[in-house]
Amino acid sequence: MRWQGGRRGGGIEDRRGMGGGAVAGGGIGVLVLAAIGYFVFGIDPTTTQQVASQFGGATQSEQAGKMGSPEDQAGQFVEVIGSNVNDVWKTKLRGYTPPTTVLYEQGTQTGCGMGQSAMGPFYCPADQKVYLDLGFWREMETKLGASGADFAKAYVIAHEFGHHVQHLTGATDQVQRAQQSARSQAEGNKYSVALELQADCYAGVWASNAAAVSGGQVALEPGDLEEGMKTAQAIGDDTLQRRGGGRVSPESFTHGSAAQRVQWLQRGYQTGDPAACDTFKGL
């Protein structure tokens with residue numbers, strides 16, 4: 001993936017090295033396998049505090065990191081991709097306002113409660129921030145069989161920005177209301193799946209438009225889309241349930257099957273149009 005000539009728009013809050021909440025014993029790999037089916041690519045922020053307390057997260061006062069542009073390459077990658085995603089959405093959504101991206105290690109306080117790296121990347125609508133522990137890339141690749149390619153990582157970032165778009169459009173609030181009136185957990189899960197698949201589709205929309213808004217400085221290269229689909233396949237609910245040794249239980253899906261995640265990422269990329277991302281139709 002081409003990205004190093006892309007615009008660096010700042011907007012990064014760097015909390016790395018500041019310390020954070022404790023991580024429960026057993027190692028992050030254990031936590032990833034236990035939590036990833038619920039939290040990767042779109043944690044439900046209303047449950048963050050509860051889960052963090054189960055994992056040993058300590059309550060802290062609000063943290064604040066250094067704002068601006070990171071000096072390391074990994075941080076710069078996040079900055080460039082985030083800036084490009086913002087540039088795309090400014091052309092697609094009237095009144096779009098960018099989120100802040102927070103880089104942290106192990107644990108950090110958020111507007112939604114205590115966040116920990118075991119939860120995977122997540123978006124908190126209460127403070128309109130995307131939270132990333134960059135060590136999680138390795139966990140995805142080594143523990144879950146996801147791709148380690150740049151575009152696979154960019155797909156993760158763009159998915160979380162997709163949740164920000166959903167917050168701005170009101171889709172997140174609509175889903176929460178629908179879940180509150182759902183007659184069963186399985187029915188409520190369908191709305192969660194639709195929200196997550198739409199964020200996958202929005203990630204594809206970004207990828208389709210990345211080169212156009214950057215003059216080709218941020219752009220997919222041959223094989224990149226396939227690497228993204230490999231990651232989508234690896235974090236499908238059915239894939240994760242099989243990896244965990246349990247039976248595949250579609251009624252418990254919260255993010256969608258591997259096939260669905262690949263399908264909606266592709267749809268967003270092929271159309272380049274957010275209007276094509278109506279995952280709620282038919283619910």
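Reply: Start with pairing: two strands pair if DSSP finds at least two bridges between them. The model is a predicted one.

Me: What makes strand 1 and strand 3 a pair?
Reply: Three bridges join strand 1 (residues 12-14) to strand 3 (residues 100-103). The rule asks for at least two bridges, so strand 1 and strand 3 pair. They run parallel. Asp 14 stands opposite Leu 103 in strand 3.

Me: How do you know that strand 3 and strand 7 pair?
Reply: Count the bridges again. Strand 3 and strand 7 share four bridges, in the parallel sense. At least two are needed, so this pair passes as well. Thr 100 stands opposite Lys 129 in strand 7.

Me: In what order do the strands of the open sheet lie?
Reply: The order is 2-1-3-7-6, five strands with mixed pairing.

Me: Why are strand 2 and strand 6 placed at the edges?
Reply: Strand 2 (66-68) and strand 6 (122-124) each have a single partner strand, so one side of each has no neighbour in the sheet. From one strand to the next, the twist averages 25 degrees.

Me: What makes helix 3 count as packed on the sheet?
Reply: Contact means heavy atoms within 4.5 Å. Helix 3 (residues 73-92) touches strand 1, strand 3 and strand 7 (129-132). Its direction makes about 165 degrees with that of strand 3. Angles run from 0 to 180 degrees between N-to-C directions.

Me: Which strands does helix 5 touch?
Reply: Helix 5 (residues 150-169) packs on the sheet through strand 3, strand 6 and strand 7. Its direction makes about 25 degrees with that of strand 6.

Me: Why is the link between Cys 112 and Cys 124 called a disulfide?
Reply: The sulfur atoms of Cys 112 and Cys 124 are 2.0 Å apart. The cut-off is within 2.5 Å, so the pair qualifies. A search of the whole structure finds two disulfides.

Me: What makes the disulfide of Cys 112 and Cys 124 right-handed?
Reply: The torsion about its S-S bond is about 95 degrees, so the disulfide is right-handed.

Me: Which parts does the pair of Cys 112 and Cys 124 tie together?
Reply: Cys 112 lies in the loop between strand 4 (107-110) and strand 5 (113-116), and Cys 124 in strand 6. The pair therefore ties together parts that are twelve residues apart in sequence.

Me: How many cavities of 30 Å³ or more are there?
Reply: The count comes to one. The largest cavity has a volume of about 30 Å³. Trp 137, Met 140, Ser 147, Ala 152, Lys 153 and Val 156 line it. Helix 4 (136-144) and helix 5 each give two or more residues to that lining. The largest share, three residues, comes from helix 5.

Me: How do you know the class make-up of the lining of the largest cavity?
Reply: The lining has four nonpolar, one polar and one charged residues. Lys counts as charged, and Lys 153 is among the lining residues.

Me: Which residues are closest to the centre of the second largest pocket?
Reply: That pocket has a volume of about 240 Å³. Of its 14 lining residues, Lys 190, Val 193, Ala 194, Leu 197 and Gln 260 are closest to the centre. Helix 7 (185-214) and helix 10 (258-271) each give two or more residues to the lining. Helix 7 supplies the largest share, six residues. By class, the lining has eight nonpolar, four polar and two charged residues.

Technical notes: Residues are numbered from 1 along each chain as its sequence is written. This is a predicted model: local features need pLDDT of at least 70, side-chain atom pairs count only at pLDDT 80 or more; totals for chains, interfaces and linings use all residues. Side-chain values use heavy atoms; hydrogens and water are left out. On a 1 Å grid over the protein atoms alone, a cavity is a set of points where a 1.4 Å probe fits but cannot get out, and a pocket is an open set with protein on both sides within 12 Å along at least five of seven lines; lining residues have an atom within 4 Å of a point. Grid points are joined across faces, edges and corners, and a volume is the space filled by probe spheres set on the points.
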